[in-house]
Amino acid sequence: MCGIVAYTGQQAVLPILLDGLKQLEYRGYDSAGVSVISRKRLKTVKAAGKLHNLEAKVDAKTNSHCGIGHTRWATHGAPTDENAHPHNDPSQRFAIVHNGIIENVDALKTSLGKSVEYTSETDSEVIAHLLAAQEGELLDAVRAVLVQLVGTYGLAVIDQQNPTTLVVARNGSPVILGIGDGEMFAASDMSAMIRHTNQVVHLDDGEIAELTPEGFKVVRMDSSVASKEAITLNEQHAHYDRGGHDHFLYREIVDQPISIGQTLSGRFDKRFSTAHLGGLNLEARDLIGIKRITILGCGSALFAGMAGANMIESLARIPVIAEPAAEFRYRNPVIEKDTLYVVVSQSGETFDTLAALREVRRKGGFVLGIVNSVGSTIAREVDGGIYMHAGPEVSVASTKAYTSMLVAFSLLALLLGRSRDLSPQQGTRFINELKLLPEQVEQVLKLEPEIKEIAEQYKKSQSAFFIGRTHGFPIALEGAQKLKEISYIHAEAYPASELKHGPLALVTKKTPCFVVLPNDDLLQKTISSMEEIKARGGPVIAITSAPHKAAPRIKSLAQSVLRVPDAGELTQPVLMAVVFQLLAYHSAVSLGRDVDQPRNLAKSVTVE
Ligand code: G6P
């Protein structure tokens with residue numbers, strides 16, 4: 001999705017903007033641009049395509065200390081030079097970059113009159129023209145324009161007549177201020193400025209900030225001053241590099257013993273054999289009053305939520321459903337006092353998840369967040385929550401955040417279980433299983449050579465099936481999602497029990513079937529599904545923790561068997577998920593795909 005970076009200070013601005021845009025690349029984009037103020041003149045350079053096109057066009061010697069940059073993901077208008085941001089007004093006084101969608105663009109254009117000429121097909125350009133029609137101080141002019149807008153924006157503005165001032169604003173699309181020493185930054189995503197500062201201020205919707213090298217001031221739409229507190233993020237620039245690997249995705253896969261350890265760290269209450277989750281804002285009495293749980297998320301977060309639903313039902317015996325956030329909010333859901341709503345999001349900025357959260361809270365529901373990105377919008381708007389502490393996830397396809405979501409859900413399930421019928425002994429047993437996870441993931445990573453071989457063998461497949469039952473089914477869903485996302489091989493997940501009700505018609509010797517086969521009560525039944533596949537000539541790849549005595553039968557049915565450690569019923573999915581991540585990774589690499597930035601996808605989808 002679109003990205004913004006902005007700077008005012010003593011340093012040369014162009015390298016800061018270009019580097020910031022590079023850090024934003026991972027979010028997905030199709031064009032980019034910068035505007036700077038140099039020798040009292042506004043200079044704007046834009047280019048369709050990847051950043052090197054822009055780099056080739058800018059004059060590296062431009063002397064400037066204040067500017068804005070943007071990576072665009074086309075919504076209104078094709079990805080061309082003209083449609084790339086920044087946009088200027090005709091007199092070249094203002095430059096703006098905008099994330100979001102202006103819904104009343106037609107009405108705004110009508111109000112400006114027919115004589116105005118637009119140089120792009122974007123909705124955003126109208127903002128620059130509206131600014132040119134204002135009088136007075138820059139901050140007031142921006143505010144006067146914003147009150148006319150209907151829609152969403154993360155916005156940054158520079159003004160040739162105020163050459164050291166930036167104005168940024170937020171409504172529905174994130175904007176973060178970064179505080180430096182004699183300099184200020186702003187960005188839509190922390191990655192764009194983490195090299196320079198970790199002291200940040202998150203703007204809230206309806207806030208406008210004026211930034212100068214000396215500091216910042218934030219006002220609301222009614223021009224009242226908002227007092228904002230800076231927070232220090234525990235992130236470092238090193239978290240945003242590939243750590244010596246070819247791809248962020250690979251680094252994030254092999255980082256999982258650490259990221260899972262971080263999610264678990266400090267979260268065990270040994271005395272009461274339960275989880276210690278400090279940010280829930282729920283008392284024991286509230287926990288016992290929960291009658292139902294609804295989990296909401298998008299993409300991999302939704303699949304993690306489905307696995308979480310199983311965990312909570314198993315340990316706490318509370319009915320739980322997981323739903324796509326966007327569908328939930330549009331079906332006018334019934335919100336109940338004794339239902340706990342849980343939103344799950346790596347970025348904490350996914351629009352549909354945020355909108356669902358707001359709908360629930362507006363109707364009086366209590367919402368917990370399971371979020372990775374500290375200080376993100378969802379994290380700030382929920383009633384309580386669990387930070388995943390997985391560290392920044394850069395690759396578009398989710399891996400370590402996904403497994404940390406599973407781990408966060410298992411902690412919540414433990415806490416809810418122990419607030420009900422789960423005995424201290426059962427609680428301790430589950431804690432011990434969780435503690436083993438980092439080490440067990442390490443063991444799964446050692447399967448990489450075998451997984452790579454399997455990826456090589458099936459990479460030319462047109463289609464693949466992923467099947468599993470109960471706790472294994474959400475993992476099959478996520479396995480299919482990973483393969484689709486980054487290798488572009490069509491993949492479908494089904495409960496193993498559903499095979500014979502349809503998909504079996506498509507099984508041939510050309511459709512590999514990946515079978516999630518944990519050592520659980522349904523082992524024999526899932527083995528029967530393998531028989532159904534084998535009978536149709538489909539190659540079976542079993543990912544299993546089944547006991548050794550079942551090994552000969554599994555081997556006789558499967559083309560390949562990947563053995564993972566035998567973890568607990570609820571922790572097993574984490575290990576299986578890692579196998580599927582490596583499978584998707586090696587399939588994608590071998591097919592020459594853009595692993596970190598798959599086509600048509602964005603890291604956090606901040607528009608509807
Ligand atoms: C996008 C990404 C997915 C991600 C989903 C939810 O679609 O491509 O990888 O799972 O958004 O993102 P979130 O940040 O809310 O977890």
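Which residue in β8 is the bridge partner of A156? The legends below take up this and other close-ups.

The model is predicted, so local features need pLDDT of at least 70 and side-chain atom pairs count only at pLDDT 80 or more, while totals for chains, interfaces and linings use all residues. Residues are numbered from 1 along each chain as its sequence is written, and side-chain values use heavy atoms, with hydrogens and water left out.

**View 1. Strands β7 and β8 form a hairpin.** The bridge partner of A156 in β8 is V168. Strand β7 covers residues 153-159 and strand β8 residues 162-171; they run antiparallel and are joined by 7 bridges. The hairpin passes from β7 to β8 through 2 residues. Strands are DSSP runs of E with at least two residues, helices are runs of H or I with at least four, and both are numbered from the N terminus. Two strands pair if DSSP finds at least two bridges between them.

**View 2. Strand β8 also pairs with β12.** Strand β12 spans residues 207-212 and runs antiparallel to β8, with 5 bridges between them. Here V167 has E210 in β12 as its bridge partner.

**View 3. An open sheet has 8 strands.** The order is β3-β2-β4-β1-β10-β9-β11-β14, and the pairing is antiparallel. Its edge strands, β3 (41-48) and β14 (231-232), each pair on one side only. Within the sheet, β1 (residues 3-8) and β4 (residues 66-72) pair in the antiparallel sense over 6 bridges. I4 stands opposite H70 in β4. Strands of a sheet pair through backbone hydrogen bonds.

**View 4. E125 is in helix α4.** The helix comprises residues 125-132. The side chain of E125 reaches the backbone nitrogen of T119 at 2.9 Å. Leaving aside neighbours within four places in sequence, E125 is in contact (heavy atoms within 4.5 Å) with H87, E117, Y118, T119 and S120.

**View 5. Domain 1 and domain 3 are in contact.** The domain assignment, automatic or from a database, gives domain 1 (3-238), domain 2 (241-435) and domain 3 (440-608). The contact takes 12 residues from domain 1 and 8 residues from domain 3. The C-alpha centres of these two domains lie 44 Å apart.

Notes. Polar contact = N/O pair within 3.5 Å; in protein donor to acceptor, adjacent residues only side chain to side chain.
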